[in-house]
Amino acid sequence: MTAFKYVGGMVGNPDLPAVEWSDEQMQTLKDMGMNFAQLNIAWNGRPGNEPLNLDHMDDEMIKVFQYRVAQLKKFGMKGMPHFGMPRMLMSKHDGNITPYMTPACILEDETMRNNWAMMEKLMRACPEIDDFMFYTYDQHAWLCSEFGSCPNCAGIPLDERLPDFINAFKRKMAEVNPNCIFWWQPWELSLGQIAEVLYKIEPNNFGLMINTAGSESYFNNLDNYWVRGIGAIAEERNIPIIGEIQSAGSGVAGVPLQRVSCPTLVKRQIDIVKKLPTFVGIKEHYGYAFEKYSSNMIFLTEYLKDPEADTNTLLRRTALHYGKNCAEELVSAWKIAETATDFIPFEFVYLYSNICGYSPKHDFNVPMVQGVHANTPAWESDRRAFFLITHDISYHPWALENAALKFKQAANRFEKMVDLMNKALAKAEYRMTDLKETIEDMDRVMRACYGQYYYFKESLAAYDARVAVFQGNTEKIERALKRFDDLMRGDIRNQKEDAVIVEKYREFKEDYKKFFEENYKQEERLWATSYIEKIDQRY
């Protein structure tokens, strides 16, 4: 069994929150190698009516927590609540985050009084809980900006306010339970702010919860400066770290699918946080829907039994859960999945964090990639170093082409993976339903990636055709039309002969000049206007 001090999961996930905390589920969690579980699905929107903030811990929910703690204790595990704290309140100052809420001001005494009253009630009702996880941004817990209009916080940097609040709060916690730990997840703060706060935090009764990349939490996160920098400060201050990972068949980058299969990436994420000097454990970020127990979770279970085993050995052991005869195909498929997932351009725009939910269908306008950002320090600083597009801007066609070609590389590999998994299914001895649903999900991932590839490349090819017609160059026109024709036929196959695109293809073949006058009109969209004008002026 692993020597990690903390190995934790979450019962259910935001897509499947209605999971009973039954003996059977607890045994599954225990058998996976877990020694604690997150007590609530703390997710914006409150799926399953799970608590997101301390404010949601009414008497009924406290009874639910007591039951869950008792269930975990029965199987030798512990619980860890997760809250955004302090919760945003009804509008009090100008500069609302939403039309009806504004950040809770941590410089107001009533904020501490109210939140501590709720916290103390919970701690005394559930004295077995030693570990509590808090976001102080996101999870409906936005903080006032020094550049905002709060009369208390304006002009006072966050690192001069937040440490005092956390220190005072966890001192109160330690008075009730000297063994408790305030696990802080500095989500949405900039790396600079996190560093300053950590140097001002009293390190006793305190720990860090960090994911494997500062910008987001995906299956294929890589080691980066954010993780290394935080790890260095944690070592200086003797602050323990739990690494949050994606280790189920669902995840932030898998919504809404439940059997995204990329087990080697589970180990890669653990290897990243394991290198941190004060590393003490791991926790699943998105949650476990046990009825969807599949390859990633099996791989994690095998890893936790033997953390020193190499990846190939763990893959082989995972494959044997499906039968000896199909092991070779499954191991090959999973190795392909790792590279395929790496090619998905998650860094292009935040919306691609949900690429698995994209339909292969698309309209016939020029792609307008919508920028996404939030009014938080991380989004306005470090995340711009991760995401190419955070705001609606004019972007160069090469950016679109780059994303398209990455999607093609991903899709090609997922196609090979699906083929291998179909061969494995024909030989499998166990878990055939798991394999069938995995193939269905991975086919959707493949078609989503191909869909973006064809959409983007058709738009670019349409521009090529328009320029060729403008030039009156017969050779170029023929070449451009062939390129567009090839793309459309591939798109039709990917959309399984959908009637809309079949009709569009007919219109293209009937009168390509009219087709390009009515479809993919780049001059009406942001990305190409100035570019087209400059190119056209050359001819």
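This is a predicted model. Start inside the protein. Three cavities of 30 Å³ or more are counted. Take the second largest cavity, with a volume of about 50 Å³. Which residues line the second largest cavity? The lining is made up of Phe219, Ala253, Val260, Thr341, Ile344, Phe346, Cys356, Phe414, Met442 and Val445. By class, nine of these lining residues are nonpolar and one is polar.

Now turn to the open spaces. The largest pocket holds about 470 Å³ of space. It is lined by 28 residues. Trp43, Asn44, Asp138, Trp187 and Tyr350 are the closest of them to the pocket centre. How does the lining of the largest pocket divide by class, and how many residues are charged? There are 13 nonpolar and nine polar residues, and six charged ones.

Next, the helix packing. Begin with α7, residues 264-274, and α8, residues 295-305. These two helices pack with their axes 8 Å apart. The angle between them is about 50°. Because of that angle, α7 counts as oblique to α8. The crossing of α7 and α8 is right-handed. Which residues meet where α7 packs on α8? From α7 come Thr264, Val266, Lys267, Ile270 and Lys274. From α8 come Asn296, Phe299, Leu300 and Tyr303. By class, the contact of α7 with α8 has five nonpolar residues, two polar and two charged.

A further pair lies along the chain. Helix α9 covers residues 311-319, and helix α10 covers residues 327-343. They pack at an angle of about 130°, and their axes are 9 Å apart. That angle is why α9 is oblique to α10. Is the crossing of α9 and α10 left-handed or right-handed? It is right-handed. On the α9 side, the contact involves Asn312, Leu315, Arg316, Thr318 and Ala319. On the α10 side, it involves Ala327, Glu328, Leu330, Val331, Trp334 and Lys335. By class, six residues in the contact of α9 with α10 are nonpolar, two are polar and three are charged.

Finish with the backbone. Two loops deserve a look. Where does proline 86 lie? It sits in the loop between β4 (82-84) and β5 (89-90). The peptide bond that joins methionine 85 to proline 86 is cis, with omega of about 0°. The other loop runs between β2 (36-38) and α2 (59-74), and arginine 46 lies in it. Arginine 46 is not a glycine, yet its phi is positive, at about 50°.

Definitions and conventions:
Residues numbered from 1 in each chain as written. Predicted model: local features only at pLDDT ≥ 70, side-chain atom pairs only at ≥ 80, totals over all residues. Heavy atoms only, no water. 1 Å grid on protein atoms, 1.4 Å probe; cavity = no way out; pocket = protein on both sides within 12 Å on 5 of 7 lines; lining within 4 Å. Points joined across faces, edges and corners; volume = space filled by probe spheres on them. Nonpolar A, V, L, I, M, F, W, Y, C, P; charged D, E, K, R; others polar. Axes fitted to C-alpha atoms, helices over the stretch in contact; angles between N-to-C directions. Helix = DSSP H or I, 4+ residues; strand = E, 2+ residues; numbered from the N terminus. Parallel < 35°, antiparallel > 145°, perpendicular 65-115°, else oblique. Left-handed = near helix turned anticlockwise from the far one by under 90°. Contact = heavy atoms within 4.5 Å.
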